[in-house]
Amino acid sequence: MNKSFYIATMGCQMNEYDSEFLAQQLMEYGYAPADDPESADIVLINTCTVREKADQKAMSLLGRLTRIKAKKGADMVLGVAGCLAQKQGQRLFDRFPQLDLIMGPRELTKIREILDPVLFQQRKMLATRLDLPPLNASKTHQIQKGQVCAYVSIMQGCDNFCTYCIVPYVRGREISRPPGDILQEARLLVDQGVKEITLLGQNVNSYFWEGPGNSYTFPSLLEMLGHIPGLLRLRFTTSHPKDLSDNLIRCFQDMEVLCPHLHLPFQAGSNSVLERMKRGYTREHYLDLVDKLRDAVPHIAITSDVMVGFPGESHADFEQTLDLMKKIRFDALFSFKYSDREGTVAAQLHEKVGEKEKRDRLKVLQSLQKEITLQKNKTLEGKRVAVLVEGQSKKGAQLMGRTATNKIVNFPRDKGNMGDIVNVVVKTAFINSLKAE
Ligand code: SAH
Ligand code: SF4
Ligand code: F3S
């Protein structure tokens, strides 16, 4: 019988992309996807370590899987990939002796070289180099049947070293993929039926590639990809405010295929906190950017990330965050409690904010944002919106798609086919979705 594999994925979209890459590699190797870890011969967990919660989630899943492995013994290969694997390295072997392999995010291209000694010589493998070239799926990226939206990574790593963040330590230095590879991968996806592509990177604005005789910045990369016939929508994430150029703002004006949505994490509304985070911009600069974006494209949706309880964040600082939220009125906001990450600068700072205080601040912040999101969504009631049909609604009875501004819309099945852009009228707005007819 065919050997099978199972991959559990945690963390960001980059990890989802990496897991797809891993799955592809394993399929080429002759393995078939399994429905659950119990029945799989190879089980990999692609982990995240961006916050303490992510660590806890990964550790508890690891605990569960090592118990399955204990029952199945040599019949099952168990590995940890991704950012937590990179951070913990050997320490994971010490804690979970049942593990067969540990592999950082930059090592995924080497999956077969890492897997072979495990499979054929029963060796344990630890692979955590960070100096490897970025993944290249330009010839191999296959989609699932009926898949309408897909990711394409355009760069790996990060050089920003925001003082709270572990990512630069676990994903290594920033490196941009050659534009030719990106174009080839995007075309390969569109040829298979993909209609919407989201370009991925920790800081896509700083994309830069230089070859003999030409060079590419992020706007010039977008421009090139915008011409792919059959591609209906182009998105990207994440943008860093300090590198958002006027040229990029112009792309939103000039390129019809580029969706009017920007995810632009602000992290904090107080200048003294922003400075200690080493974000490289002020609240005034951020507000200015949003003004410019809205002047250029009035209907653009702006979403963001923010955290509460960075070391030394006073009540007045926190008020500044709420104030910025009220001024900008984000379409949606991802909010987190700051947590110490081993080895970062912020972990060494004194004046830690207490757990209860962080929880209280997060609650206040989230209820403010809920109100804003709902009010903004309500303005769409009775309006006609264009939706790209992506799949079934969560409950399965309806179709689901998103507006160009990235709002989820559920609507009756007879309104269109998968991969079409359909016009529907919004009937009821909720916080996380819209219901249309
Ligand atoms: N590259 C992106 C985000 C990467 S991590 C950017 O620069 O915006 C995703 C989000 O996790 C961050 O935007 C931040 O809000 C949050 N985050 C990162 N480190 C964190 C920490 N130590 N504690 C709490 N939240 C954190
Ligand atoms: Fe982390 Fe900052 Fe890099 Fe984003 S830009 S990944 S927050 S170091
Ligand atoms: Fe997590 Fe690594 Fe992404 S730490 S957020 S999986 S880059």
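Here is a short walk through selected features.

Analyst: This is a predicted model: local features need pLDDT of at least 70, side-chain atom pairs count only at pLDDT 80 or more, and totals for chains, interfaces and linings use all residues. Residues are numbered from 1 along each chain as its sequence is written, chains are lettered from A and ligands numbered from 1 in the order in which they are written, and side-chain values use heavy atoms, with hydrogens and water left out.

User: Which way do the side chains of β3 point?

Analyst: In a regular strand, side chains alternate between the two faces of the sheet. Helices (H or I, at least four residues) and strands (E, at least two) are DSSP runs, numbered from the N terminus. In β3, Ile-42, Leu-44 and Asn-46 point one way. Val-43, Ile-45 and Thr-47 point the other way.

User: Is strand β3 enclosed or open?

Analyst: Buried means under 20% relative accessible area, exposed over 50%, and partly exposed in between (1.4 Å probe, protein chains only). Six of the six residues of β3 (residues 42-47) are buried, so the strand is largely enclosed by the rest of the structure.

User: Which strands pair with β3?

Analyst: Two strands pair if DSSP finds at least two bridges between them. β1 (residues 4-9) pairs with β3 in the parallel sense over five bridges. There, Phe-5 has Ile-42 as its bridge partner. β4 (residues 77-82) also runs parallel to β3, joined by six bridges. Ile-45 stands opposite Val-80 in β4.

User: What unit do β3, α2 and β4 make?

Analyst: A crossover is right-handed if, with the strands pointing away from the viewer, the path from the first strand over the helix to the second runs clockwise. β3, α2 (residues 52-72) and β4 make a right-handed β-α-β unit. The buried residues of α2, including Ala-58 and Leu-62, pack against β1, β3, β4, α3 (83-88) and α4 (90-95). Contact here means heavy atoms within 4.5 Å. Gly-73, with a positive phi near 60°, follows α2.

User: How many disulfides does the structure hold?

Analyst: A disulfide is a covalent bond between the sulfur atoms of two cysteines. The cut-off is a pair of cysteine sulfur atoms within 2.5 Å. The structure holds zero. Cys-149 is in no disulfide: the nearest cysteine sulfur, that of Cys-259, is 9.3 Å away.

User: What is the strand order in the open sheet of three strands?

Analyst: The order is β7-β10-β13, with parallel pairing. β7 (149-153) and β13 (233-237) are the edge strands, each pairing on one side only. β10 (residues 196-200) and β13 are joined by five bridges. Glu-196 stands opposite Arg-233 in β13.

User: Which peptide bond is cis?

Analyst: The bond from Thr-237 to Thr-238 is cis, with omega near 5°. Thr-238 lies in the loop between β13 and α9 (246-254).
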